[in-house]
Every structure is written in structure tokens, then in C-alpha cells.
Amino acid sequence: MNASERIDQLIAEITDWRGKTFASLRKCILAADREIIEEWKWMGSPVWSRDGIIAVANAHKGKVKLTFDYGARLPDPEKLFNAGLEGNQRRAIDFFEGDEINERALKNLVRAAVDYNQIKLKRKAPAGTRTKVHKSKK
């Protein structure tokens with residue numbers, strides 16, 4: 001099974017509100033940028049990447065957690081982050097039963113994460129090998 005199929009299976013196995021929330025988050029993330037890829041890491045965690053990790057999602061008892069790898073470095077004008085706020089790198093959004101997903105703001109956050117990864121990648125490239133990085137559409 002590839003990563004997308006494993007994520008399909010995971011969502012199908014979560015038969016309560018968390019499965020629906022998980023599916024909605026996934027759809028929103030993938031809609032934010034056509035070049036995002038799905039991965040399966042750390043023995044069972046769905047991961048979305050483009051030029052580096054964007055976010056990891058997990059269903060926990062009573063919540064769905066979406067953790068952005070470099071969330072502390074991303075603009076969050078809509079104040080979506082509500083967990084992991086004390087960390088120097090990661091930030092998370094905990095979704096609880098009945099929470100609405102602000103799709104516009106979440107897509108903007110995903111695009112900001114893609115932009116951050118591309119800038120970070122460009123800075124790490126040795127001189128003379130840097131490729132032009134295209135900004136994603138907002």
C-alpha cells in the first residue's frame with residue numbers, strides 16, 4: 001500500500017467525528033497546493049510534504065491534532081494554532097468534536113509552510129546550484 005492508501009485506510013477505520021474531521025483536514029491541505037505529497041512516517045503518522053515536511057496529523061482520544069513542523073516560524077493571523085505554543089519550532093492545532101475548520105485560513109497556513117520550506121531549501125543550496133523557487137499562489 002502506498003501512503004495515500006494507508007491514509008485512506010486510517011480515516012476509514014476512525015468511525016466517529018474524528019474520521020470526518022481528519023478527512024476534511026486532508027482535503028483542505030491537498031487543495032492548498034497541487035504539489036503536496038502524502039507520506040506515511042513514524043509507524044503510522046500521515047505526513048504532508050513539499051520541499052520538506054509541512055504537517056503531521058494524528059487522531060487522539062477526544063481530538064485530532066495537526067502539527068506544523070515549522071509552525072513557530074509561520075504567520076498565523078487567524079490564530080489557528082492552539083497547542084504547542086511554548087515550543088521553538090512546532091505548533092499544532094487541536095480540533096475537538098464540533099469545531100469548525102476555517103478552510104481559508106488553514107490553506108493560507110499550509111501555503112505559508114510551503115513558502116517557508118522553499119526559502120529554507122534555497123538558503124541551504126550550495127552557491128551555483130541554487131534553483132529558482134516559485135512562490136505558490138495564494
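Mentor: Start with V56, which lies in strand β3, residues 53-60. Strands here are DSSP runs of E, at least two residues, and helices are runs of H or I, at least four, numbered from the N terminus. This is a predicted model: local features need pLDDT of at least 70, side-chain atom pairs count only at pLDDT 80 or more, and totals for chains, interfaces and linings use all residues. Residues are numbered from 1 along each chain as its sequence is written, and side-chain values use heavy atoms, with hydrogens and water left out.

Trainee: Why is V56 called buried?

Mentor: Buried means under 20% relative accessible area, exposed over 50%, partly exposed in between, with a 1.4 Å probe and protein chains only. V56 has 13%, so the label buried applies.

Trainee: Which residues does V56 touch, not counting residues up to four places away in sequence?

Mentor: They are W42, S45, P46, V47, W48, K65, L66 and T67. Contact means heavy atoms within 4.5 Å. Also, the C-alpha atoms of V56 and F68 are separated by 6.6 Å, though the two are twelve residues apart along the chain.

Trainee: What makes E38 buried?

Mentor: E38 has a relative accessible area of 14%, so it is buried. E38 lies in strand β1, residues 37-41.

Trainee: Which side chains make polar contacts with the side chain of E38?

Mentor: S4, at 2.6 Å, and W48, at 2.9 Å. A polar contact is a pair of N or O atoms within 3.5 Å; within protein, one must be able to donate a hydrogen and the other to accept it, and residues adjacent in sequence count only if both atoms are side-chain atoms.

Trainee: What makes a nonpolar core?

Mentor: It is a set of buried Ala, Val, Leu, Ile, Met, Phe, Trp, Tyr and Cys residues joined through side-chain atoms within 4.5 Å. The largest one has 29 residues, and I54, L66, F68, I93 and L106 have the most contacts inside it. α1, α2, β3, β4, β5 and α3 each supply at least two of its residues. α3 gives the most, with seven.

Trainee: How do you know that the span of α3 agrees with its length?

Mentor: The expected span of a helix is 1.5 Å times one less than its number of residues. The 22 residues of α3 should therefore span 32 Å, and its end C-alpha atoms are 32 Å apart, so the two agree.

Trainee: What do the buried residues of α3 pack against?

Mentor: α2, β3, β4 and β5.
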